[in-house]
Amino acid sequence: MRSIWNGAISFGLVSIPVKLVNATESHAVSFRQVHTEDNGRIRYRKVCELEDREVTQSEIGKAYEGADGEMIPITDDDLSHLPLPTARTIEIVAFVPADRIDPLQMDAAYYIAAAGAPAAKPYTLLREALKRSHKVAIAKFALRGRERLGMLRVVDDVIVLHGLLWPDEVRAPEGVAPDVDVTVRDKELDLADALMDTLGEVDLDDLHDEYREAVEEVIAAKAAGETPPAAPAPAGDGKVLDLMAALEKSVREARESRGGAGEAEVRNLHGRGTPKETGARKSTSRTAAKKTASARKSTSKAGEAKGADKKTASKSTSKATEKKPAAKKAPAKKGAASGKRSA
């Protein structure tokens, strides 16, 4: 991967030579502007207003427009010699818990790579210190013409730099929340909780861009001279007539889609513990417990009945034995008696 910035991390008196690599990329389908009559490309030409001619990229520079319209030229050399310690340095200013960072401030992400063998030891030191402290580093750095705020954290064995918006760049949410008094009943909250539990969690690796796939199908169909696939019928008009009915239907449909029999399939997110037991699983376990208890009762009754039958049979056998007269002794044979006398 090509680096987009070279500099160093300033960690107290420690300087770590590093380079930045883009950690994300866009897979969006891009389109060209064309003339609808003949599909000819529509291009933007860079024209100098004073000379009224097209100019090349090598002739284009930067300038700041003053209040009176005067253009003040600014060169890359001017920007590279700014009187700032962050011009070529990611300067760490503090270490804070990760939950102190507002997700609204999160911007682009970059992998930080050690620049050469001498940087390996201090790079590893900073990485392991971040791991052991369970904190993130707050830093300032200059990139693409302006100073930025950043956050350093560890992903696997790599230090990642997240660009952060400055606090004054995050708008206050004034006038965004509903401006009416609404009362939410406990039963509605219970149904919302049941829906959340039934939907469970998801592995983000299983999610993908369905819109991009649909656009690619349309492109492939038109390229082959075929009719693009038809859009599915809309699920509804989007009007919520009965909130309770909508919640109950949502829970029912979520349970059916997750397991058919009402059992929700819950997956763990990477690095998270076991999720709490879902409402669907609770009901399933209760049903299973009832069935088990019922089976045990019926088995116990059957065993008791068998034991009673055995006792009854034993008693009748004993009574029959008592009523039966004792067998008489057979008389001794005469031959045997007379043999004894003659002897």
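Does Asp 156 count as buried or exposed, and why? Asp 156 counts as exposed because its relative accessibility is 66%, where exposed means over 50%. The model is predicted, and the values here are computed from it.

**Two loop residues**

Most residues other than glycine have a negative phi. Asp 156 is not a glycine, yet its phi is positive, at about 55°. The residue sits in the loop between β10 (146-155) and β11 (158-164). His 134, also not a glycine, has a positive phi of about 55°. Its loop runs between α2 (120-133) and β9 (135-143). With a relative accessibility of 67%, His 134 counts as exposed.

| Residue | Phi | Relative accessibility |
|---|---|---|
| His 134 | about 55° | 67% |
| Asp 156 | about 55° | 66% |

**The chain**

The chain contains seven helices and eleven strands. Of its 343 residues, 18% are buried. Its accessible surface is about 27200 Å², and carbon and sulfur atoms account for 54% of that area. Among contacts between residues at least 6 apart in sequence, 60% join residues at least 24 apart.

In soluble globular proteins, nonpolar side chains tend to be buried together. The largest nonpolar core here has 20 residues, and those touching the most other members are Ile 9, Val 18, Ile 90, Ile 112, Leu 126, Leu 152 and Leu 161. At least two residues of this core come from each of β1, β2 (14-22), β7 (89-97), β8 (106-114), α2, β9 and β11. The most, four residues, are given by β9. Apart from this core lies another, of seven residues, including Val 96, Ile 138, Leu 149 and Met 151.

Ile 112 belongs to the largest core. Beyond its neighbours within four places in sequence, Ile 112 is in contact with residues including Ile 9, Val 18, Ile 90, Leu 152 and Leu 161. Lys 19 and Tyr 123 are also among its contacts.

**The largest pocket**

The largest pocket has a volume of about 390 Å³. It is lined by 15 residues, of which Leu 79, Ala 142, Leu 143, Arg 144 and Gly 145 are the closest to its centre. The lining takes at least two residues from each of β1 (3-11), α1 (76-80), β9 and β10. The largest share, three residues, comes from α1. By type, the lining divides into eight nonpolar, two polar and five charged residues.

Technical notes. Residues numbered from 1 in each chain as written. Predicted model: local features only at pLDDT ≥ 70, side-chain atom pairs only at ≥ 80, totals over all residues. Heavy atoms only, no water. Buried < 20%, exposed > 50% of the residue type's maximum accessible area, 1.4 Å probe, protein only. 1 Å grid on protein atoms, 1.4 Å probe; cavity = no way out; pocket = protein on both sides within 12 Å on 5 of 7 lines; lining within 4 Å. Points joined across faces, edges and corners; volume = space filled by probe spheres on them. Nonpolar A, V, L, I, M, F, W, Y, C, P; charged D, E, K, R; others polar. Contact = heavy atoms within 4.5 Å. Areas by Shrake-Rupley, 256 points an atom, 1.4 Å probe, with all protein chains shown as cover. Core = buried A, V, L, I, M, F, W, Y, C linked by side-chain atoms within 4.5 Å.
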